[in-house]
Amino acid sequence: MSSNFFQPVDASAVPRFAGLSTFMRLPAVASAEGLDIALVGIPWDGGTTNRAGARHGPREIRNQSSLMRRVHHVSGTEPFSIANVADVGDLSVNPINLLDGLKRIEEGIAAIVTAGAIPLAAGGDHLTTLPVLRAVARERAVGMIHFDAHSDTNDRYFGDNPYTHGTPFRRAIEEGLLDPKRVVQIGIRGSIYEPGEHDWAVAQGIRIIYMEEFVRRGAASVMEEARAIAGAGPTYVTFDIDCIDPSMAPGTGTPELGGFTTREAQEMVRLLDGLNIVGADVVEVAPPFDLAGMTALAGATMMFELLCVLAKSVQAARAPDLGESTSAAAQSGFSA
């Protein structure tokens with residue numbers, strides 16, 4: 001372990017309910033300089049079309065993330081020992097001006113990327129992913145692995161409004177931020193506005209894996225295909241908490257019955273191991289609709305799972321000659 005890496009507060013020395021509330025109880029720092037991975041909050045839900053509240057997500061995810069410990073119990077990964085990670089705070093947002101809010105988010109993430117760190121964000125509604133992609137994909141289009149109940153590739157809402165949490169990935173493809181042939185959406189389900197709602201996405205080359213297909217095939221098979229679609233190129237991972245069934249994650253803006261269990265979600269994220277992930281987020285945690293913090297806990301847990309995958313990538317990039325396995329199946333005991 002590098003003596004220069006930030007470390008979380010030890011819960012055996014300072015109880016979890018004491019001290020400052022930061023992601024994983026890590027130090028709060030002013031910038032991403034010197035970090036490998038920057039944990040960042042995006043407290044903004046200006047794209048919400050129905051139940052607002054995801055602007056409060058980062059704060060509650062921080063609170064619940066105090067339950068995360070140092071070591072992943074399956075893979076044995078010690079993320080804070082192999083990567084320099086800290087909480088860089090919340091981005092500056094504008095809750096009353098959508099376009100300015102998008103601009104502020106893009107600039108905040110761009111500063112993290114310029115500093116050389118990988119952003120791992122807590123939203124915020126799913127429109128926050130669009131400005132994050134504008135920063136992460138400035139130099140080249142990226143692939144994307146997208147866990148969600150909804151495709152979020154609609155065009156316009158309420159007349160001619162192009163920016164809502166139902167449109168970010170249509171805009172991202174139009175702007176050249178995403179390579180649609182390297183995009184896979186997993187867990188899509190629920191009623192839709194019209195029979196051809198997903199036709200545009202499919203026509204661009206997006207692979208949509210509906211929940212019914214996931215149930216038939218299982219996590220290992222689906223993630224094997226997802227990894228093949230993403231390939232070796234730069235890939236973004238976005239995790240909408242509503243992909244999890246509302247019985248386990250009720251605190252979200254657009255709940256849909258029939259979703260993943262939290263265990264299935266954890267398994268899928270672990271199977272991202274070894275991919276070239278250039279950024280990730282967990283979005284749509286809406287504490288006003290939560291029960292006993294269970295949705296925020298799910299969000300914090302998914303962030304920890306993503307952090308472990310990212311930290312191993314950082315370690316492998318530092319010492320590629322160590323011959324470490326990048327097989328999630330080997331590390332986690334899962335098989336296709």
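**View 1. Contacts of E305.** Leaving aside neighbours within four places in sequence, E305 is in contact with H72, Q266, V269 and R270. Contact means heavy atoms within 4.5 Å. The model is predicted: local features need pLDDT of at least 70, side-chain atom pairs count only at pLDDT 80 or more, and totals for chains, interfaces and linings use all residues. Residues are numbered from 1 along each chain as its sequence is written, and side-chain values use heavy atoms, with hydrogens and water left out.

**View 2. The place of E305 in its helix.** E305 sits in helix 10, residues 294-318. Helices (H or I, at least four residues) and strands (E, at least two) are DSSP runs, numbered from the N terminus. The protein has 11 helices and 8 strands.

**View 3. Burial at E305 and across the protein.** E305 is buried, because its relative accessible area is 3%. Buried means under 20% relative accessible area, exposed over 50%, and partly exposed in between (1.4 Å probe, protein chains only). Of the 336 residues in the protein, 57% are buried.

**View 4. The overall fold.** The C-alpha trace spans about 55 × 45 × 40 Å along its principal axes. Among contacts between residues at least 6 apart in sequence, 77% join residues at least 24 apart.
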